[in-house]
Amino acid sequence: MENGNIKNGNEVWAGKPELDEESEGFIDFLRAVGKEAGENAIRVARVLQIPITSLVGNQVVTKYPDGRIEVISEIPERMPSPFKKGVVYYAKK
């Protein structure tokens with residue numbers, strides 16, 4: 001981040017903004033920290049030649065250092081919810 005909150009992996013929490021957990025800035029901070037942690041973990045796994053498991057489309061796949069890709073499972077498409085936001089449904093006893 002340009003505003004100095006995140007400089008490198010060792011200084012992430014040192015520059016944590018003092019924000020309320022519900023604020024948009026705090027959410028942006030958490031997203032940035034998560035993204036950086038994920039990228040660092042992938043870099044380390046590649047150097048150590050450890051398989052990397054990730055989500056590609058609707059499939060969970062493992063990528064091996066030799067270039068092989070194995071599909072672990074498929075995640076079914078979500079059905080649209082019949083409920084609409086803001087509508088109150090009443091149920092009889």
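Ile52 lies opposite Lys63 of strand E2, where strands are DSSP runs of E with at least two residues and helices are runs of H or I with at least four, numbered from the N terminus. The model is predicted, so that local features need pLDDT of at least 70 and side-chain atom pairs pLDDT 80 or more, whereas totals for chains, interfaces and linings use all residues. Residues are numbered from 1 along each chain as its sequence is written, and side-chain values use heavy atoms, without hydrogens and water.

E1 and E2 (residues 59-63) pair in the antiparallel sense over five bridges; pairing requires at least two bridges found by DSSP. Three strands make up an open, antiparallel sheet in the order E1-E2-E3. Strands E1 (52-56) and E3 (69-74) are at the edges with a single partner strand each, so one side of each has no neighbour in the sheet.

Ile50 is located in the loop between helix H1 (24-47) and E1. With 42% relative accessibility, Ile50 is partly exposed, a class that lies between buried (under 20% relative accessible area) and exposed (over 50%), with a 1.4 Å probe and protein chains only. Ile42 is placed in helix H1 and, at 34% relative accessibility, is also partly exposed. The C-alpha atoms of Ile42 and Thr53 are separated by 9.6 Å, with the two residues 11 apart along the chain.
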